2 protein chains.
Amino acid sequence: VGDLLECVPNFSEGRDQATIDAIASALGGSDVRLLDIQSDRDHNRSVFTVIGPRRPLVGSIFRAVETAVARIDLRTHEGAHPRMGAVDVVPFIPLLDTPMESAIGASRELGARIAHELDIPIYFYEETAATPDRKNLARVRGKGFEELRDLIATDTDRKPDLGPPRVHESAGATAVGARFALIAYNVYLDTSEVAIAKSIARTVRHSSGGLRYVKAMGFDIPERACVQVSMNLTNHRLTAMHTVFDMIRVAAEGYGVSVTESEVVGMIPAAALMDVARHYLRMHSFTDDQCLELRLLETA
Amino acid sequence: VGDLLECVPNFSEGRDQATIDAIASALGGSDVRLLDIQSDRDHNRSVFTVIGPRRPLVGSIFRAVETAVARIDLRTHEGAHPRMGAVDVVPFIPLLDTPMESAIGASRELGARIAHELDIPIYFYEETAATPDRKNLARVRGKGFEELRDLIATDTDRKPDLGPPRVHESAGATAVGARFALIAYNVYLDTSEVAIAKSIARTVRHSSGGLRYVKAMGFDIPERACVQVSMNLTNHRLTAMHTVFDMIRVAAEGYGVSVTESEVVGMIPAAALMDVARHYLRMHSFTDDQCLELRLLETA
């Protein structure tokens, strides 16, 4: 059945429960599991979290895409979030020891099916991008559907990777890609001075000289009378959670402040947690396949 | 299909590969996975590691027991390890958030089937024991098959919990039970003085005043020019790995010695590793179901 992957498709419907339910039903399959649906009424957008072995997962996501395309019309869609498609963006993420190449392969397969069977232009982004300027989704999407409709045929920067050189009348265009798992990770500090959280955020984040795969901001959390360094970890294999945690802990010590707690918001891949246990217990020879339950997920 | 369990049946055959293969084949089933077989020629014994949801797992183990009973004759069996049955002992272990009660239930079901369908006397031990003196397997087993054959009908201490009051002619008797996962865990110290490892082993182990669910010994490891505290952790939920590791680390500091490394020998339940990550990252609100891959194992 292939490697284990996560897929997080974003659909441009966050209000009509019948459509959200229809997409969820289309995803069903014995090997594939729908873990979560986050619908946002203001953004008029729903984010699904699905995991499964590569082959059934791609089939399952394609059925959900078909359903979304049949039910969502971008010409009447309103919402705060920029979007260019009824199925706006579909990233695949490798889990366990699945190589990134497998997630890229899944995204190419899905993109080809959407382009050829549904006649929708496809943009490959992130790790599946054909050129560096296609990596960043925001740049591919621009101002969204209405702008893309006008520019797709004439602006070579907006030429799709697959499919027709015009948007689908009602479903627009779709970005498909592969990326590493994203971990939403927050660290709480025992102070009410938000300046300390902001300063530590600058220290740890890539954009201001810190760790390569960390995005960070500092926030005041008045209801808990403390402050928070709020982060996205974009490649936990190369910038590990424990590296980030210890860097913040040591930086906070410089202000005479302690870390009271940290939290993962949403889901996290098992490998990120294994790496933390391996590090702090100094288990240099520990391999993920020593974990009993993960062995159940090995695919044939 | 029920809760996720591990089962570690011990069969009295470690030499005849055809019998070991036949038992392995009998275990097959789509929901059940055979992870490991450890065969020992001197002990003439094989230990299988199997995981799966409760109902198919019990069915699968019963088929393996039938096969072993048909092929192993204790009257001609020789081996260094004490044994009382062709199928000597069958423990069930709860995985993830499966309650111990479920493992106890599985052991009762399997015991009843072996007693009634195969006419073999059954002893329930550990968490399934009906009385405190039946908890300890060594006490139940005594000197094994030949002794039990003579005493089973007359010694009330040896009366089986289920099945006939005589051993099965060729297959003897079987102990079935439920227990917590056992973690074989070693910590290496940066010294060649074995007295330090032995002293720390005494500090951490239950029998000499230490942690309740730790068994420990100190060993010299000349090939690595260091010493080792070698442990069995018998309930990682109540005596956590990080508690043990930090206690050894601090005790070693008292001798001016550091911990260079630790290791898990064999398999470990995911929950034990989650607890370690949760502790060191201070993730007080983290729940195991935030781990993506483990959600795939949730059973209906």
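Figure 1. The model is predicted: local features need pLDDT of at least 70, side-chain atom pairs count only at pLDDT 80 or more, and totals for chains, interfaces and linings use all residues. Residues are numbered from 1 along each chain as its sequence is written, chains are lettered from A and ligands numbered from 1 in the order in which they are written, and side-chain values use heavy atoms, leaving out hydrogens and water. The loop that holds His77(B) lies between helix H2 (54-71) and strand S5 (87-94) of chain B. Helices (H or I, at least four residues) and strands (E, at least two) are DSSP runs, numbered from the N terminus. The side chains of His77(B) and Arg83(B) make a polar contact at 2.9 Å. Such a contact is a pair of N or O atoms within 3.5 Å; within protein, one must be able to donate a hydrogen and the other to accept it, and residues adjacent in sequence count only if both atoms are side-chain atoms. Leaving aside residues up to four places away in sequence, His77(B) touches Ser12(B), Glu13(B), His43(B), Asn44(B) and Arg83(B) (contact means heavy atoms within 4.5 Å).

**Figure 2. Strand S4 of chain B is largely enclosed by the rest of the structure.** S4(B) spans residues 45-53, and eight of its nine residues are buried. Strands pair if DSSP finds at least two bridges between them. S1(B), residues 4-7, pairs with S4(B) in the antiparallel sense over four bridges. Here Leu4(B) has Pro53(B) as its bridge partner. S2(B), residues 10-11, also runs antiparallel to S4(B), joined by two bridges. Phe11(B) is the bridge partner of Ser46(B). With S3(B), residues 33-40, the antiparallel pairing takes seven bridges. Leu34(B) and Val50(B) are bridge partners there. Four residues separate the strands in the hairpin of S3(B) and S4(B), where Asn44(B) takes a positive phi near 50°.

**Figure 3. Helix H8 of chain A is mostly covered.** Just after H8(A), Arg282(A) takes a positive phi of about 55°.

**Figure 4. Chain B meets chain A.** A rotation of 180° with 0.0 Å of shift along its axis superposes chain B on chain A, with an RMSD of 0.1 Å. That is the relation of a two-fold axis. Ala277(B) has the C-alpha nearest the axis in chain B, 2.6 Å from it. The superposition is by least squares on the C-alpha atoms of residues with pLDDT of at least 70 in both copies.

**Figure 5. The interface of chain B and chain A in numbers.** Here 47 residues of chain B contact 47 residues of chain A. The chains bury about 4200 Å² between them, 65% of it on carbon and sulfur atoms. Buried area is the accessible area (1.4 Å probe) that two parts lose on being put together, summed over both. Leu281(B), Leu292(B) and Glu293(B) supply 18% of the area that chain B buries against chain A, more than any other three residues. Across the interface, 22 residue pairs are in polar contact, both residues at pLDDT 80 or more.

Notes. Buried means under 20% relative accessible area, exposed over 50%, partly exposed in between (1.4 Å probe, protein chains only).
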